[in-house]
Amino acid sequence: MTDITLSSPKPAFSPLRLQDRSYAWQGVAVVLGTMLLALSSHIEVPMVPVPVTMQTFAVTLIGALYGWRLGALTIVAWLAEGWVGLPVLASGASWFYTGGYLLSFPIVGALVGWLAEGGWNGNRVGLAFLAMLLGNLLCLVIGTAWLAAIIGAKEAIVSGFLPFIVGGVLKSALGAATLKLISGNKAGSANKAS
């Protein structure tokens, strides 16, 4: 007879182990995550109609570090802060033009978090890069589709997709390297504690 043990699924990788922490810890993580997102919003290069920011770096990193559920929740909380008028979004951003990009962020964070939980994480830096690259691509596709409805498909691709490809690749590489650094530090701390 075969002995089958059922256990609740846990993320394969979470250097912060937020899923094992109390709701108070998770609440603090959400607040810190929204602060990181706000800071990343203000690191920008003004462009029309959509500015270049470090938001997708923060969105993908939060997804990878927090997991898909808490990552998406954190990003939704940040968007809610912006919606009520707190100065957490890029100064040149207009919901009218950037709405598709902004609304894609929780989906992007969830996707990257889900992939990280499935092994596309700091322990496999190439897969972490690919997860973040897919997140950046998804953001560009959704944002460009929104923009196309406003200014037309050709103009949306020229001004809302193409200029962001190189930045997306660079931010994905930076995100994967950051995730590797964080996972390496946590692994090193665990080994020293043993």
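The model is predicted: local features need pLDDT of at least 70, side-chain atom pairs count only at pLDDT 80 or more, and totals for chains, interfaces and linings use all residues. Residues are numbered from 1 along each chain as its sequence is written, and side-chain values use heavy atoms, with hydrogens and water left out.

**Stop 1: residues 55-66**

Select helix α2, residues 55-66. Helices here are DSSP runs (H or I, at least four residues), numbered from the N terminus. From first C-alpha to last, α2 reaches 16 Å, close to the 16 Å expected at 1.5 Å a residue; the expected span is 1.5 Å times one less than the number of residues. Twelve of the twelve residues of α2 are buried (under 20% relative accessible area; exposed is over 50%, partly exposed in between, with a 1.4 Å probe and protein chains only). Among them are Phe57, Leu61 and Tyr66.

**Stop 2: residues 95-117 and 125-151**

Show α4 (residues 95-117) and α5 (residues 125-151) together; their axes come within 8 Å and cross at roughly 155°. Axes are lines fitted to C-alpha atoms, for helices over the stretch in contact, and angles run from 0 to 180 degrees between N-to-C directions. The two helices are therefore roughly antiparallel (over 145 degrees). By class, their contact has 22 nonpolar, six polar and no charged residues. Nonpolar covers Ala, Val, Leu, Ile, Met, Phe, Trp, Tyr, Cys and Pro, charged covers Asp, Glu, Lys and Arg, and the others, Gly among them, are polar.

Buried residues of α5 include Met132, Asn136, Leu140 and Leu147.

**Stop 3: aromatic rings**

The structure holds three aromatic pairs (ring centres of Phe, Tyr or Trp, its six-membered ring, within 6.5 Å; planes under 30 degrees apart are stacked, over 60 edge-to-face, the rest tilted). Select phenylalanine 96 and tyrosine 97: the centres are 5.0 Å apart and the planes at 80°, so this pair is edge-to-face. Tyrosine 97 is partly exposed, at 29% relative accessible area.

Next, select tyrosine 101 and phenylalanine 164, a tilted pair with 6.5 Å centre to centre and 50° between the planes. Tyrosine 101 lies in α4 and phenylalanine 164 in the loop between α6 (153-160) and α7 (165-193), so the pair ties together parts 63 residues apart in sequence. Tyrosine 101 is buried at 6%, and phenylalanine 164 is buried at 9%.

Terms used: Angles under 35 degrees count as roughly parallel, over 145 as roughly antiparallel, 65 to 115 as roughly perpendicular and the rest as oblique.
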